[in-house]
Amino acid sequence: MSETKILLSEQELPVCWYNIQADMPRLPRPPLHPVTGKPVGPDDLKAIFPMSLIEQEMSRERWIEIPEEVRNIYRLWRPSPLFRAHRLEKVLDTPARIFYKYEGVSPAGSHKLNTAVPQAYFNKKEGIKRLTTETGAGQWGVALSQACNFFGLECTVYMVKVSYQQKPYRRSMMEIFGAEVYASPSEHTAAGRKILSSEPDSPGSLGIAISEAVEDAAGREDTNYALGSVLNHVLLHQTVIGLEAREQMARAGYYPDVVIACCGGGSNFGGLAFPFVHDRLVEGTKVRLVAVEPSACPTLTRGRFAYDFGDVAGLTPLLSMYTLGAEFMPPGIHAGGLRYHGDSPLVSQLVHDGIVEARAFNQTDVFKSAVMFARSEGIVPAPESAHAIACAIQEALAAREAGEARTILFNLSGHGLLDLPSYDAYLAGKLEDYPLPEEELARSLARLPGVNRE
């Protein structure tokens, strides 16, 4: 039997992030200013982002150096392990070889710290004292609170209310690291108060929480905003995952036939997949790349490729992406980190161009796969990450039917040890599926910004 764990030493930690913008056949259309409708320039973003991150956002350079101060903190958990899922393969009776990159070994318990650390670092270098952000399931909020603590920054987190209630211990972790955490929509911002005035029992959404965090940041000179997904520089930082995985797969003696990751805003999918997209675009490999999302929030599989706001209040630039409409309110599924109406412009463009595939799964199927994985591999996965597991199992069963020893790689982007109430609900038979009704989708898409009709 081949090795179960494929490890790299700290000396093999990547020294650069990979920028996919250098190799894409078509770049996304430029972000548009929310008021003027004109392409956004660096000066338009300076109110909430440091210039170093703005430069990364717009860079076309293939490699961006990772500062040594960031690499020193990365060494707390990076390089992360790659595992061969021998026991899952046996349960599935498949000839497929299943590998997973495990990001749950980070102090935050997920991949989110890969970008939280550099974002806090670059803000600190430019004299910022405080960061605001939103968080869905809480993994990003935990990561940013830890990163701010590392660099002596204050941190305020607007946590989507349904997740604030479902996942209280992630809130506890944020507060341990010194962050202040508000359930969103909140009374602390005009955007939050507006939502509450019309819908006092709103479960919240990432779009609402983003509005609150951006409004908060824009109102103070010492404060910037940090985003945990979607934007180019965020996906750039996450490519340490795929760069390591590519080297580890070579050590194992295999190259993946298919690379899989869950996708809400796109950070962990881009982090694992983009170095393999490079191989497909530049080296001509035949690797398939699959982004997996919930059927309740099927942005890539059923959304429209159009310009839309990243938030409900329309404070963010208009992004060219797959969207369900900024006002879309996803049901309160337990994969809170995937409840986002839009997606990364980079991932969206790759899907639109047929380079990346997208699939959607019901949450009961996702939790069934998660329990199978936990019972075979011993790791309880986050509900978000379990979407990738469900797809990997589907691919492994397809390989069994075809009688082909395909190689499958997926990203286990975080553990689910703070998601146990969600597992309780599943095991008690209380989880429901919420496939998005067509009429609800049509209503939401009908409210897309007028720029799409010009």
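Guide: Helix 2 gives 4 residues to the lining of the largest pocket, the largest share of that lining; helices (H or I, at least four residues) and strands (E, at least two) are DSSP runs, numbered from the N terminus. The model is a predicted one, in which local features need pLDDT of at least 70 and side-chain atom pairs count only at pLDDT 80 or more, while totals for chains, interfaces and linings use all residues. Residues are numbered from 1 along each chain as its sequence is written, and side-chain values use heavy atoms, with hydrogens and water left out.

A pocket here is an open set of points on a 1 Å grid over the protein atoms alone, where a 1.4 Å probe fits, with protein on both sides within 12 Å along at least five of seven lines, and lining residues have an atom within 4 Å of a point. The largest pocket holds about 730 Å³ of space, a volume being the space filled by probe spheres set on grid points joined across faces, edges and corners. Its lining counts 37 residues, with Pro31, Val40, Leu45, Pro317 and Leu319 nearest the centre. Among the elements that each supply at least two lining residues are helix 10 (206-218) and strand 13 (318-323).

The second largest pocket has a volume of about 340 Å³ and is lined by 15 residues, including Ile195 and Glu327, which are among those nearest its centre. Helix 9 contributes 5 residues, the largest share of this lining. This second pocket lies between domain 1 (5-12 + 65-109 + 232-452) and domain 2 (129-221), because both give residues to its lining; the domain bounds come from an automatic or database domain assignment.
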